[in-house]
Each structure stands twice: as structure tokens, then as C-alpha cells.
Amino acid sequence: MSINEVPDEKVLIKEDHTMEMNKPSSSQKPDYKPSKDNQAHAPKEGLALLIGKDVSAVKKELGEPNRIDESLYGYQWYIYNKDYKHYLQVGVEKNRVVTIFALGENLDVAPFEIGQPVEEIFNTQYIDTNINIDFNHSSYRFELNDTDLNLRPIVQLGNIYVQLYIDKFTGILSSIRFLNAETMIKQKPYELVFTGQLIKPEEPSVEQWKLIQEGTEKEIFDITNVLRSRYQQHPLLWDTGTAETAYMHSKDMSDNNDFSHNSKEFGSLTDRLGKAKVVFKSAGENIAANYTDGPAAVEGWLNSKSHRETLLSKSFTHLGVGVFKEFYTQNFIQKAEK
């Protein structure tokens, strides 16, 4: 859901999008036997070759990360954000690369390209409605619906799974995610049928959640500016008061299981920013819940007309991001002139 507000509390609700994607369900089916389909060969070049490699290979190839963020799935994100055209997140677990999220336009994501037309992808890649995985004596089948196939299809290249985020408004590949089998199963990005044991990430402690949330907030901020740069909009500056307001709204939605721009206790966006003494000329808000992580949430916003307009608006100057568990809030403001 996305809104824009001005201080006199005139509210424009552009579209009634909840942006809430429920976690795919899992069901056990004892008689399921996965088929052995012919799969494309593993990539011979590009960032995908880092999957399964030691972290030393990452540093040799990419250098030291600009920071390291925690994730919900047991791996750490090595963040490379020196410039917008090379933005990259490398997931490292037990000293090995298990996933990569690539957004920068100048990254080698062979056999794909960021900005590649979707028609070309569908003409050159075999994209199935089902993905079958055998792992640790268990069998898993991911089932993609029509929305998945159109906006975030997945391709198997050898033992690497490649999730493609499509920008439906431009018809191009917006970003790409490489995963190994175990990480794919942990994240459950699609409907899942399985036999055997379901692999689940460990429930974070309170302190771990805090670190995960802080990292996700930074990632959403970075990714927002990468996308704004891609579409010729100026980058936004971080605003601490606005970020605190966004965090409290995410926490409020989580605590009360109430997915809305209007809090029963704390009011509208204008009310909440006013209580935080944030001075602004105009403001906007994007909210989301139950996405895999920050990158997935931003790609979801990008594919909704109202959220996209807020995300890419030329009027805003600052951004605050607040994440509480699996609730995400972006608060955008245009600073008032002094």
C-alpha cells in the first residue's frame, strides 16, 4: 500500500494495494516422486560461479565488502555498494557463498543481463511451472503460479537456481538472485510440496532480529537509490527521525497484526511524523509484509503503480526505512525549506 501526504492531512490513496504477499504454504505429500528433467548447463562465467566458493574467492574477485549485514536465513550479506551500477549482495554461510543478489547494471550475471528484455529471456531459457529438488534424502517441488512466472520466474542452471525479478512496467530484467538448493528451500519463495524433512532457518533471538532489521533497512535504502539512479532520479538522503517513524509503524503493524497506513494508536503518516517532530513539505509511505527479504520487498514495490510512483518521485529529498521482523515501511519526505 502506498500513500502520499502533505502536512494539512489531505491524503491521496492512489491504489488499494496491500503489498502483502503471504508466505507460500507447504504441504507434505508422501507419494510424491520428483521427475528427472533435463536441465541447462551451469554458467561458465560471471558472478554465478561464486556460488559454493570460499569467501576468500569472493574477496579476491570483488575486494572487501563495504559492510556485512545479517540475514534471516543463516547467512551474512556481504554488501558491495561503492556505486549504483555495481550494487551487489553476496550471501556467505559457513565461509561459503550460498546466494547472490545482483542489481547493478554493469555486473556480469551471465547467461543473463540486467536490463535484458523479458521476451529475450523467455525465448532463450526454458522456464517451467515446477522446480524439483532432491536434497539430503528429501524431495521438494516448487510450484509457480501465473504471477510468479510473469514477475519472478526461476531457472535451474546445473545445481544453481536463478530467480529473475522482472520490471513489468519496462519489460526488462530488474535484478537477479542466484541460490544453492539449501538456501532455496529455506527461503520458500514459491508454493512448496515436499517429502522428507523441511529445512527451516533457526528462529533469531531478540538481538539477532535487531541486527537483521538494521541490515535490511540499509539494504532497502541502498536498493531504492540504485533504482532511482536507473530511472534518472536524484538519490535520497537518509533522515533519522523519519526512519524512527517508519520503524515504529512497522513494529505497530506487527504487534497488532494490522496492515494499514493508519494506526489505531498513532494515526496517519502526517500524525506520526508530526509526533516525531519531523518537519516536511510533503511525505509518502510504502508498506509491505511477509516478503523473503528487503530486496524482494523493493522489487515488489517497483511492480505496483502507486508504490513505484512514490519510490521514484522526484519531489522527495529524504528517506527513512523501518523494518520490524517481516514488516517493512518506507517513509519519504520532502524537506521543508528553512
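Gly300 sits in helix H8. Helices here are DSSP runs of H or I with at least four residues, strands are runs of E with at least two, and both are numbered from the N terminus. A word on the source: this is a predicted model, where local features need pLDDT of at least 70 and side-chain atom pairs count only at pLDDT 80 or more, while totals for chains, interfaces and linings use all residues. Residues are numbered from 1 along each chain as its sequence is written, and side-chain values use heavy atoms, with hydrogens and water left out.

Back to Gly300. Is Gly300 buried or exposed? Gly300 is buried, at a relative accessible area of 16%. Buried means under 20% relative accessible area, exposed means over 50%, and partly exposed is in between, using a 1.4 Å probe and protein chains only. Gly300 and Ile166 are 134 residues apart in sequence, and their C-alpha atoms are 9.9 Å apart in space.

Now the whole helix. Among the buried residues are Pro295, Glu299 and Trp301.

What caps the N-terminal end of H8? Asp293 does, with a side-chain oxygen 3.2 Å from the backbone nitrogen of Ala296. That is a polar contact: a pair of N or O atoms within 3.5 Å; within protein, one must be able to donate a hydrogen and the other to accept it, and residues adjacent in sequence count only if both atoms are side-chain atoms.

Asn290 is buried, at 17%. Asn290 and Glu326 are 36 residues apart in sequence but 5.1 Å apart in space, C-alpha to C-alpha.

Next, Arg152. Arg152 is in the loop between helix H3 (146-151) and strand E10 (154-157). Arg152 is buried too, with a relative accessible area of 14%. The Arg152 side chain reaches the backbone oxygen of Pro189 at 2.9 Å.

Last stop, helix H1. At its start, a side-chain oxygen of Asp54 comes to within 2.8 Å of the backbone nitrogen of Ser56. After H1 comes Gly63, with a positive phi near 85 degrees. Glu61 lies in H1, residues 55-62. Glu61 is exposed, at 58%.
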